[in-house]
Amino acid sequence: MKLLNQTLKKIGLLDQETMAKTKNRVDNLFKPLGSLGRLEDLAVQLAGITKNSFPTVDKKVIIVMSADHGVYVEGVAPDPQIITALQTPNFVKGITGVCAFAKQARADVVVVDMGIASDIDEPKVINRKIRYGTSNMAKGPAMSREEAIKSLEIGIEIANDQIDQGKNLLATGEMGIGNTTPSTAIFSVIGHLDPETIVGIGAGLPIEKLKHKASVIKKAIAINQPNPKDAIDILSKVGGFEIGGMAGVFIGAASRRIPIVVDGFIATAAALLAITIAPKVKDFLIPSHHTAERGGKIAMQLLGLTPLFDIGLRLGEGTGAALAFNFVEAATYMVKEMATREEAGLVI
Ligand SMILES: O=C(O)c1ccc[n+]([C@@H]2O[C@H](COP(=O)([O-])O)[C@@H](O)[C@H]2O)c1
Ligand SMILES: Cc1cc2nc[nH]c2cc1C
């Protein structure tokens, strides 16, 4: 709890002066006013985060967190649970979806075992296993409050390690068979929503099983009664180890004034927990895409952010975040490389 509290105390506000200076430069670039759309907003946000009108975001990393879920036994996911353990080493081998896009974006991928249900025989996967999967949230809390805090603090430590190594743009991704179920529970609790109105197919659950998935989520909420105002309570009762880890990464990045990209449905649930713990974290978040998962649009509304693009992604892993890195870096090139009217010698 000490690391979490110390980190929360360090989170500041966006620097309004640098933002105003950058907005002025962007408005004076030789182009029609506002014609570079969201890239202009990104440039101003990055200036506010870094207190620098000309920030560099060339050292990028996607932190992929893996874990398993006790609620899997309720039949809420289409794939064998072992896929979490099988796919996780593939992230360090460079052969997954997120690795392909990270390579294109010149980003590192760091992989963390937060609580996979079996041991991972791959030394490059960082072993921060809290437990061999959460407990079944349809029967009781997914984890203890201590474990929830531990997951947040591991996320903070991983973010700090990466930033200490020089990373200046972070993102989170995840892998966890069944994790759209706790994510939907988190949105339902914080948004006071009936799970049936937002539940989706996840990695491809047959439509006829959706009602069952919603009923499992409803049962988990009814049994555990998470307090919608206490994100640590929600995380412990209906969350997951990788979800807590990602929430910790968001908090850690914000405390160091490092921009951080939010990926899809599960990462959005983690970001929502992070801003429920510390509302100031929101200013440091950059949402990548609208996931095609059914509740995705509502999830983003709960977070209060508008993603950069909507191209039907629903893989997770950090794939959307890796693509978004290109937009974020482009915004910094726009400010640096384009000339203002004055710099271009124009007097009209
Ligand atoms: O990020 C998303 O928007 C997303 C949407 C649906 C599924 N996923 C991925 O699919 C897995 C979870 O799906 P499920 O059906 O097992 O709950 C997990 O490994 C996620 O990375 C990810
Ligand atoms: C193959 C596979 C890859 C994934 N990557 C993220 N979630 C996933 C789920 C499955 C099933």
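Visitor: Where is the place of Glu317?

Guide: In this predicted model, Glu317 sits in the loop between α12 (296–303) and α13 (319–337). Helices (H or I, at least four residues) and strands (E, at least two) are DSSP runs, numbered from the N terminus. Residues are numbered from 1 along each chain as its sequence is written, and chains are lettered from A and ligands numbered from 1 in the order in which they are written. Local features need pLDDT of at least 70 and side-chain atom pairs count only at pLDDT 80 or more, whereas totals for chains, interfaces and linings use all residues.

Visitor: Which UniProt annotation covers Glu317?

Guide: The unreviewed UniProt entry carries the annotation "active site" for Glu317. Such annotations may be inferred rather than shown by experiment; positions follow the numbering used here, and feature names are shortened.

Visitor: Why does Glu317 count as buried?

Guide: Glu317 counts as buried because it has 28 C-beta neighbours inside 10 Å. A residue is buried if 20 or more other C-beta atoms lie within 10 Å of its own, exposed if 12 or fewer, and partly exposed in between, with C-beta atoms placed from the backbone.

Visitor: And what is Glu317 in contact with?

Guide: Leaving aside neighbours within four places in sequence, Glu317 is in contact (C-beta atoms, placed from the backbone, within 7 Å) with Val64, Thr96, Gly97, Val98, Gly173, Glu174 and Met175.

Visitor: Which residues of α5 are buried?

Guide: In α5 (residues 97–104), they are Val98, Cys99, Phe101 and Ala102. Their cover includes β1 (60–67), α4 (82–93), β2 (107–115), β4 and α13.

Visitor: Turning to ligand 1, how many residues surround it?

Guide: The shell around ligand 1 holds 24 residues, the closest being Thr180, Gly202, Gly264, Thr291 and Gly316. A residue is near a molecule or strand if its C-beta atom, placed from the backbone, lies within 6 Å of it. Two or more shell residues come from each of β4 (169–175), α7 (180–191) and α11 (265–277).

Visitor: How do the shell residues divide?

Guide: The shell around ligand 1 has nine nonpolar, nine polar and six charged residues. Ala, Val, Leu, Ile, Met, Phe, Trp, Tyr, Cys and Pro count as nonpolar, Asp, Glu, Lys and Arg as charged, and the others, Gly among them, as polar.

Visitor: What does the domain assignment give?

Guide: It gives domain 1 (2–55 + 333–337) and domain 2 (60–327), with bounds from an automatic or database assignment. In total, 15 residues of domain 1 are in contact with 18 residues of domain 2. On the side of domain 1 that touches domain 2, the largest share, six residues, comes from α3.

Key
Contact = placed C-beta atoms within 7 Å.
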